[in-house]
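Reader: I would like to go through this structure with you, starting with its open spaces. Could you show it first?

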Amino acid sequence: MTDLPLREQRILIAGGSRGIGLAMADALAHAGAALSICARDPHALADAAETLLRHGGRVHCQPCDLADPAQIEGWVAAAAEAMGGIDAVVNNASGYGNGSDDASWQAGFDIDLMAAVRCNRAALPWLRRSSAAAILNISSINALRPTPRAAAYSTAKAALNYYTVSLAKELAPERIRVNAIAPGSIEFPGGLWDRRREEEPALYAQIRDNIPFGGFGRVEDIAAAALFLLSPQARWITGQVLAVDGGQSLSP
């Protein structure tokens, strides 16, 4: 991964303090990118920054509630000032509304969809000044098929996919690339499937055994795909939603 030429890239990661977000940040920092990450928990941000700074690059952190438009604008402006510009934005945050109540639907709309819209909108003035501008939205394979257990979350991610391809079409004349990754079921400490292993072992085993590659994915699998899509090697790729799922979306 260190062969990818990202040493001049200045990258924002919304939701970068743990799980997939931190794995992407770690891979990008290892490849030489300067980073700004945000999350709601300042303690988790501090721990993430300590991890990322071991790579020797620049790391900017700022607490941010991604459901708050004013906080998003403040973070993006502060990140651009700290790094001297913005080359790429990664929208990774999720409200994961897995209920059927209004709060679950609102969380999906505010965080999974509108946080990405607002981050990208705020970053566009700087992206337009970059010679290698890219936007990467983190979706889910839940958006690709009916998922009764998480209708609110899945619907928000489906909207994010449509937004991804629409924005890619809009920004293509400016050579600003816009793509999405749709992860399958990913297991990491403290994550959804780590909790379900203890709380719902039958569901955990059912999902695990139905993945053709034979188990849950790792955060590093998503980080590797993100690293490629943000690199110059993907310069001719835009408007794509890439499933990274070990074949999970192929299963009934």
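Reader: Which helices each supply at least two residues of the lining of the largest pocket?
Author: Those helices are α1 (19-30), α5 (151-171), α6 (192-199) and α7 (201-209). Helices (H or I, at least four residues) and strands (E, at least two) are DSSP runs, numbered from the N terminus. A pocket is found on a 1 Å grid over the protein atoms alone, as an open set of points with protein on both sides within 12 Å along at least five of seven lines; a cavity is a set of points where a 1.4 Å probe fits but cannot get out, and lining residues have an atom within 4 Å of a point.

Reader: Before we go on, what kind of model is this, and how are residues numbered?
Author: This is a predicted model, in which local features need pLDDT of at least 70 and side-chain atom pairs count only at pLDDT 80 or more, while totals for chains, interfaces and linings use all residues. Residues are numbered from 1 along each chain as its sequence is written, and side-chain values use heavy atoms, with hydrogens and water left out.

Reader: Back to the largest pocket: which helix gives the most to its lining?
Author: Helix α6 does, with four residues. The lining has 50 residues, and S94, Y96, Y153, F188 and L192 lie nearest the centre of the pocket.

Reader: What volume does the largest pocket have?
Author: The volume is about 1300 Å³. Grid points are joined across faces, edges and corners, and a volume is the space filled by probe spheres set on the points.

Reader: And how many cavities of 30 Å³ or more are there?
Author: The count is one, and the largest cavity has a volume of about 60 Å³. It is lined by 13 residues, with N91, N92, A93, I111 and A116 closest to its centre.

Reader: Which helix gives the most to that cavity's lining?
Author: Helix α4 gives the most to the lining of the largest cavity, with five residues. Both α4 (102-127) and α5 supply at least two residues each.

Reader: Staying with α5, is S154 buried or exposed?
Author: S154, which lies in helix α5, is buried, at a relative accessible area of 6%. Buried means under 20% relative accessible area, exposed over 50%, and partly exposed in between (1.4 Å probe, protein chains only).

Reader: What does S154 touch?
Author: Leaving aside residues up to four places away in sequence, S154 touches N142, A143 and T147. Contact means heavy atoms within 4.5 Å.

Reader: Changing topic, in what order do the strands of the sheet run?
Author: Seven strands form an open, parallel sheet in the order β3-β2-β1-β4-β5-β6-β7. The edge strands, each pairing on one side only, are β3 (59-63) and β7 (241-244). Two strands pair if DSSP finds at least two bridges between them.

Reader: Over how many bridges do β1 and β2 pair?
Author: Strands β1 (residues 10-14) and β2 (residues 34-39) pair over five bridges.

Reader: Which elements do the buried residues of α8 pack against?
Author: They pack against α1, β5 (134-138), β6 (177-183) and β7. Among the buried residues of α8 (residues 219-229) are V219, I222 and L229.

Reader: Lastly, how many disulfides does the structure hold?
Author: The structure holds zero disulfides, a disulfide being a pair of cysteine sulfur atoms within 2.5 Å.
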